[in-house]
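Dear colleague,

Please find the structure below, handed over for your review.

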Amino acid sequence: MTDVTRVLVVDDQVLLRGSFRILVENEPGLTAVGEAGDGAEAVELARLHRPDVVLMDVRMPVMDGIEATRRICGSPETAGIRVLILTTFDLDEYVYEALRAGAAGFLLKDAPPAEVLAAIRVVAAGDSLLAPSVTRRLIEEFARRPDPAPGPRRTPELTGVTEREREVLELIARGLSNDEITARLHLSMGTVKTHIGRLLSKLAARDRAQLVIAAYESGIVSPSDGGLATH
């Protein structure tokens with residue numbers, strides 16, 4: 001059936017991994033295509049099964065979830081796979097780097113079953129699981145770090161981004177929803193969605209989460225005592 005969402009479950013804890021698999025298998029429209037206990041196995045199974053969504057733990061032996069996410073999202077053969085990070089804390093220190101690696105969002109391991117299933121569907125549909133409130137906390141927490149990841153930081157090329165698109169990008173990074181952006185800029189929903197679509201294309205971003213990262217790394221937003229300030 002083409003309308004069935006295929007899920008790969010990755011976690012080094014056998015009981016937790018099994019619980020997620022059972023949850024997925026018992027939900028109409030979802031099916032589990034496999035389980036992996038570490039990142040290296042996850043990359044292998046992702047290539048083999050081509051799931052729609054990978055539920056990815058962060059801390060694992062052999063290869064962690066961040067590197068596995070980077071390899072899955074960075075490879076042409078698996079780039080279409082959506083990765084949903086599983087974390088213990090909503091501002092886990094590894095979450096930001098996982099988003100930079102290409103993850104579509106993150107989910108708490110102790111989230112209610114209905115929330116887990118909803119998250120899988122949201123990510124499978126091509127959206128990012130990064131609620132405005134989470135976006136605000138995420139940027140405020142990690143943007144004040146001088147270098148959130150080891151190695152050189154990528155600076156997105158903003159050439160070609162219009163002034164209006166830049167305004168929309170800033171508001172996305174400040175955690176505003178599409179409805180809030182339409183109200184703030186006095187634009188129609190269709191126009192806002194068009195601007196977002198163009199930003200995704202111009203910045204080679206996979207989704208809204210990647211736009212937030214691009215806005216921070218390009219210096220459009222930075223933390224301040226009162227939240228986020230613009231440059």
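Strand β1 (residues 5–10) and strand β3 (residues 53–57) run parallel and are joined by four bridges. Please note that this is a predicted model. Within this pairing, L8 has V54 of β3 standing opposite.

Helix α1 (residues 14–25) packs on the sheet, where α1 touches β1, β2, β3 and β4 (82–87). The direction of α1 makes about 160 degrees with that of β2. Helix α2 (residues 39–49) lies across β1, β2 and β3, and α2 runs at about 140 degrees to β2.

In what order do the strands of the sheet stand? The sheet is open and has five strands in the order β2-β1-β3-β4-β5, with parallel pairing. β2 (30–36) and β5 (105–108) each have a single partner strand, so one side of each is left without a neighbour in the sheet. From one strand to the next, the twist averages 25 degrees.

How much of α10 is covered? Nine of the ten residues of α10 are buried, and the helix is thus described as mostly covered. The buried residues in α10 are A209, Q210, L211, V212, I213, A214, A215, Y216 and E217. After α10 comes G219, which has a positive phi, near 85 degrees.

One further residue deserves a separate paragraph. E165 lies in helix α7 (residues 163–173). Is E165 buried or exposed? The relative accessibility of E165 is 2%, and E165 therefore counts as buried, since the cut-off for that term is under 20%. The side chain of E165 reaches the backbone nitrogen of T162 at 3.0 Å. When neighbours within four places in sequence are left aside, the residues in contact with E165 are G160, H195, R198, L199 and K202.

With kind regards

Key
Residues numbered from 1 in each chain as written. Predicted model: local features only at pLDDT ≥ 70, side-chain atom pairs only at ≥ 80, totals over all residues. Heavy atoms only, no water. Pairing = 2+ DSSP bridges. Helix = DSSP H or I, 4+ residues; strand = E, 2+ residues; numbered from the N terminus. Axes fitted to C-alpha atoms, helices over the stretch in contact; angles between N-to-C directions. Contact = heavy atoms within 4.5 Å. Buried < 20%, exposed > 50% of the residue type's maximum accessible area, 1.4 Å probe, protein only. Polar contact = N/O pair within 3.5 Å; in protein donor to acceptor, adjacent residues only side chain to side chain.
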